[in-house]
Amino acid sequence: MTVSLSKDTVQIVKEQDVVFLKNRVKEVAVRIKMGLVNQTRLITAASELVRNMMRYGNGGVCVIEVVSSGRVNGVRLTFIDKGPGIPDIAAAMRDGFSTGKSLGLGLPGTKRLVNEFDIKSKVGEGTTVTILKWANG
């Protein structure tokens with residue numbers, strides 16, 4: 001069972017918010033004594049998801065949580081936007097798929113960087129992506 005120990009919500013509407021979010025994620029990861037490699041994986045995943053949120057969802061919010069499962073702590077990030085939604089999540093999760101002019105490594109690459117990855121999307125309503133990275137995993 002995973003228990004939330006603390007929660008912080010960051011509004012993402014402009015480019016400066018992206019930098020603020022990445023700094024907050026790093027602070028939280030350091031606070032739970034997450035190793036540098038895992039910090040880098042988490043921040044890279046967060047950067048990709050927040051970029052997607054800005055590009056496709058016109059911004060949104062990111063909920064930053066410190067979570068605990070037994071004696072292990074982690075950081076859970078939930079990105080919520082009210083954008084157009086993703087019509088085909090399975091396609092979006094394939095390497096090389098892109099609706100923009102990118103390499104299409106975003107969502108599947110992000111999933112590989114974290115311990116847990118969940119995406120829900122409704123066309124016309126928005127997308128929610130939740131990732132979790134354990135301090136030592």
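Student: How many residues separate arginine 51 and glutamate 48 in helix H2?

Tutor: Three, and because of that spacing in helix H2 (residues 36-57), the two are about one helical turn apart. Keep in mind that we're reading a predicted model here. In this model arginine 51 makes a salt bridge with glutamate 48, and their closest N and O atoms are 3.4 Å apart.

Student: What cut-off makes that pair a salt bridge?

Tutor: The general idea is that a side-chain nitrogen of Lys or Arg has to lie within 4 Å of a carboxyl oxygen of Asp or Glu. Applied to this structure, the rule gives six salt bridges.

Student: Is arginine 51 buried, exposed or partly exposed?

Tutor: Look at the relative accessible area: under 20% is buried, over 50% is exposed, and in between is partly exposed. Arginine 51 has 40%, so it goes down as partly exposed.

Student: Which residue pairs with glutamate 65 in a salt bridge?

Tutor: That's arginine 76, with the closest N and O atoms 3.0 Å apart. This pair ties together distant parts of the chain: glutamate 65 sits in strand E2 (residues 60-69) and arginine 76 in strand E3 (residues 72-81), 11 residues apart. The two ends also have their own accessibility classes. Glutamate 65 has a relative accessible area of 7%, so it is buried, while arginine 76, at 22%, is partly exposed.

Student: What about lysine 120, and how far apart are the closest N and O atoms in its salt bridge with aspartate 118?

Tutor: They are 2.6 Å apart. Lysine 120 counts as exposed because its relative accessibility is 53%, and aspartate 118 counts as partly exposed at 33%.

Student: Let's zoom out. How many helices and strands are there?

Tutor: The protein has four helices and five strands. Walk along the sequence and you get the pattern β-α-α-β-β-α-α-β-β.

Student: What does the radius of gyration tell me about the 137 residues?

Tutor: You set it against the value for a compact globule. For 137 residues that would be near 14 Å, and the protein has 14 Å, so the two agree. As for overall dimensions, the C-alpha trace spans about 40 × 30 × 25 Å along its principal axes. Of the 137 residues, 45% count as buried.

Student: And how do I read the contacts in terms of sequence separation?

Tutor: Take the contacts with a separation of 6 or more, then ask what share comes from residues 24 or more positions apart; here that share is 64%.

Student: Where is valine 114, and what is it in contact with?

Tutor: Valine 114 is in the loop between helix H4 (106-113) and strand E4 (116-122). At 10% relative accessibility, under the 20% cut-off, valine 114 counts as buried. If you set aside its neighbours within four places in sequence, valine 114 is in contact with Ala45, Ile131, Leu132 and Lys133.

Student: Last one: how much of the accessible surface belongs to carbon and sulfur atoms?

Tutor: Of about 7600 Å² of accessible surface, 55% belongs to them. For the charges, compare mean positions: those of the 20 positive and 12 negative charges lie 5 Å apart.

Notes:
Residues are numbered from 1 along each chain as its sequence is written. This is a predicted model: local features need pLDDT of at least 70, side-chain atom pairs count only at pLDDT 80 or more; totals for chains, interfaces and linings use all residues. Side-chain values use heavy atoms; hydrogens and water are left out. Buried means under 20% relative accessible area, exposed over 50%, partly exposed in between (1.4 Å probe, protein chains only). The radius of gyration is taken over C-alpha atoms; the globule rule is 2.2 Å times the number of residues to the power 0.38. Contact means heavy atoms within 4.5 Å. Accessible areas come from the Shrake-Rupley method with a 1.4 Å probe; for residues, only the protein chains shown count as cover. Lys and Arg count as positive and Asp and Glu as negative; His and the chain ends are not counted. The place of a charge is taken as NZ of Lys, CZ of Arg, CG of Asp or CD of Glu.
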